[in-house]
Amino acid sequence: MRYEILVGLRYTRSRKRAQGRNRFISFISLVSMLGTALGVAALIVVLSVMNGFQEELRTRILGVASHVQVSGFDGELDAWQQVADQAARHPDVVATAPYIQEQGMLSFDQAVRGTLVRGVLPAAEDGVADFVRFMRSGSFDALQPGRFGIVLGRDLAFALQAQVGDKVTLIAPQGLVTPAAVLPRVKQFEVVGIFEAGMFEYDSGLALIHLRDAQALYRMDERVSGVRLKLDDLFAAPRVARELPGLIEADVMVSDWTRSHANFFRAVALEKTMMTIILFLIVAVAAFNIVSTLVMAVQEKYADIAILRTLGASPTSIMAIFVLQGAIIGLVGLAAGVAGGLLLAHNLDVVIPALEQVTGATLWNKEVYYISELPSKVLPADVITIVSLSFVLTLVATLYPSWRASRVNPAEALRYE
């Protein structure tokens, strides 16, 4: 073993009989390790929760919205079957479904609510959305042409106080022109199902009817609003949206989920970035503790450093001793932080209920977040980034005290010894 490593390890270990300044330096070293461990563990847990929450929300949004949407410039698309067939030629497209999307107003038993009405083909819609999985009562397949059935979001049905089997009145803004006035189109629909996607935007404002019924109500003949596409890789949506116009012969407008929900996902990404920066400050504080620890160690080891210099130790060797001492403090803290962070991140479903039981407070309200338990997803890339940056901070913190140690003058240090 090189003597720099031997001396560095000896300086790091707490002496059993340490007293005075030695004991205080050992205590500061312990605080530095705990600070590093706390910062790393907090970073891993918070980033894992943010990753899980982001993935859960993305799954819920794309369970109702589409990966890519092809629509007409004027809101109507002719020959949709031809457009769907041409879009399906793209190797990344796995399913297509036509849709009609219009505004409407629902009325039932003195309650009135505005809603977004979507006309769908249940068999085709099942390939691009997850409404079958989201159904809480009734059946999605009960949407049959001519029956005038309707599937409501859970919050929308609750606001109307409507249940499966009730008949609600749908008022379309496209009116009938009469000599007296323009009268809105009104049609009764039977509630055949209620879904819950877990997103307030959809649960409170979306109603589904059959495509044929929507064409009849909104006088669209054989036209539709557009075609929804599902891809084998949702993250390929921007690229596919750029390539589709070259495959489709009609004049269409193509958009993808990253643009239709851009503000929402940017907000989540910004929050994740800010949380990462804030929590890295904990690691930075621990690094400052390492600086103070090494500065005090250098002051306390002046005589030892002078003796090593008189025995032939170079300034580089002296510097390596204290860099090693700080690196060991950082590595121990990092190891403890990674172990604790991974343990917490993988057991949040046990830790959160236990904390709620001990404190008596509700830490995760599923009625507020629409998710039954706190999601967590540990990404190896995040863990590697956290460990790497934290270790770099630790090494940077050791440079100045180590440089000061290498500049010790043996004659000055030993003058009063």
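Colleague: What makes Asp221 and Arg223 a salt bridge?

Modeller: The side chains of Asp221 and Arg223 come together at 3.6 Å, N to O, and a salt bridge is defined as a side-chain nitrogen of Lys or Arg within 4 Å of a carboxyl oxygen of Asp or Glu, so the pair qualifies. This is a predicted model, in which local features need pLDDT of at least 70 and side-chain atom pairs count only at pLDDT 80 or more, while totals for chains, interfaces and linings use all residues. Residues are numbered from 1 along each chain as its sequence is written, and side-chain values use heavy atoms, with hydrogens and water left out.

Colleague: Why is Asp221 called exposed, and why is Arg223 called partly exposed?

Modeller: Buried means under 20% relative accessible area, exposed means over 50%, and partly exposed lies in between (1.4 Å probe, protein chains only). Asp221 has a relative accessible area of 55%, and is therefore exposed, whereas Arg223, at 22%, counts as partly exposed.

Colleague: How do you know that Arg118 forms a salt bridge with Glu125?

Modeller: The closest N and O atoms of Arg118 and Glu125 are 3.9 Å apart, which is within the 4 Å cut-off, so the name applies. Arg118 and Glu125 are both buried.

Colleague: What does the salt bridge between Glu125 and Arg228 tie together?

Modeller: The side chains of Glu125 and Arg228 meet at 2.8 Å, N to O. Glu125 lies in helix α4 (residues 122-128) and Arg228 in strand β9 (residues 226-231), so the pair ties together parts that are 103 residues apart in sequence. Helices (H or I, at least four residues) and strands (E, at least two) are DSSP runs, numbered from the N terminus. Both Glu125 and Arg228 are buried.

Colleague: How many salt bridges does the structure hold, and which residues are linked in a network?

Modeller: The structure holds 14 salt bridges, and a network of them links Arg136, Arg154, Asp155 and Glu196.

Colleague: Where is Tyr400 found, and why is Tyr400 called partly exposed?

Modeller: Tyr400 belongs to helix α16 (residues 380-406), and its relative accessible area is 46%, a value between the two cut-offs, so Tyr400 is partly exposed. Although Tyr400 and Leu294 are 106 residues apart in sequence, their C-alpha atoms are 9.1 Å apart in space.

Colleague: What makes up the chain as a whole?

Modeller: The chain has 17 helices and 10 strands, and buried residues make up 46% of its 417 residues.
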